[in-house]
Amino acid sequence: MWYSYNDTLSLSIEKLVQNTENLLNITKRSALSTASKIFDPLGFAAPFIVQAKIMIQALWKLKIGWDNILPKDENAKWLKWMSDITNLKSLVIPRPYFSNNMTETQLHIFCDSSKLAYGSVAFLRGRSDNMIKTTFVLAKSKVAPVKMQTLPRLELSAALLGANISQYLKNIPEFLNNNCKITLWSDSQIVLSWLSSKKKLQPYIQNRINKINELTSSHKWKFCPTSGNPADLLTRGLTTKQFNDNKQFWFHGPYWLAKPEQGWP
């Protein structure tokens, strides 16, 4: 929802909350229906919503019928998640990226994965005189494949997702102004090594490396520690309390991103 009087965005979830208040026994159909009603295309609340994606995949693994009541443990998880949704009503996001014009802008895209999910989040970094500000642009998350993959391969999938986001954003005119530089960050040294390797790798890896290098040939890839990687919040899911505790990190990136480049990892 856009509130024009103060130019902010928020998630309109009143009807969703009303529809879930009387639910006691969840089915796979009602769980999927509830999760699908959250319209958040830019991923403002992605660290919370990814929990639902992970739980839905778990239901598929259990091979539960569409209208069967969920097992006790799964039912309790869904009820807890649905009741937690109410706390998203307080989420307010300023619509403008910056309150004043920036003379220089950069895009920074962070990638990360766990065994459950992987994702990528993009930030805009603006400089004006001696002031540097950062702001959230968008985030995407995906659950890990049902077929077990190694963590480096999942990190590679996260890097490919980040590369696709960079391709999408660089074709938007607002991000092309001032020759906006793009930097991609990963906390996987294995993936960064693959990206710069001249050796022939396994086909699964090589195909994705080729695509990433094709999409990001004019960009920089850099290493950042996991503690400074906001995409890490996308890989395990957060409660709304944890989400609120990490708002600064999620909506503005690591503290060092607003510092001169000499202070970056």
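Student: What makes S1-S2-S3 an open sheet, and which pairing does it have?

Tutor: This is a predicted model, where local features need pLDDT of at least 70, side-chain atom pairs count only at pLDDT 80 or more, and totals for chains, interfaces and linings use all residues. Residues are numbered from 1 along each chain as its sequence is written, and side-chain values use heavy atoms, leaving out hydrogens and water. The three strands run in the order S1-S2-S3 with antiparallel pairing. Strand S1 (2-3) and strand S3 (92-94) are the edge strands, as each pairs on one side only.

Student: How do you know that S2 and S3 pair?

Tutor: Two strands pair if DSSP finds at least two bridges between them. Strand S2 (residues 8-10) and S3 have three bridges, in the antiparallel sense, so they meet that definition. Within this pairing, Thr-8 stands opposite Pro-94 in S3.

Student: Why does the radius of gyration of the protein chain agree with a compact globule?

Tutor: The radius is taken over C-alpha atoms, and the globule rule is 2.2 Å times the number of residues to the power 0.38. With 265 residues the rule gives a value near 18 Å, and the protein chain has 20 Å, which agrees. Its C-alpha trace spans about 55 × 55 × 30 Å along the principal axes.

Student: What share of the residues counts as buried?

Tutor: Buried means under 20% relative accessible area, exposed over 50%, partly exposed in between, with a 1.4 Å probe and protein chains only. By that cut-off, 50% of the 265 residues count as buried.

Terms used:
Helix = DSSP H or I, 4+ residues; strand = E, 2+ residues; numbered from the N terminus.
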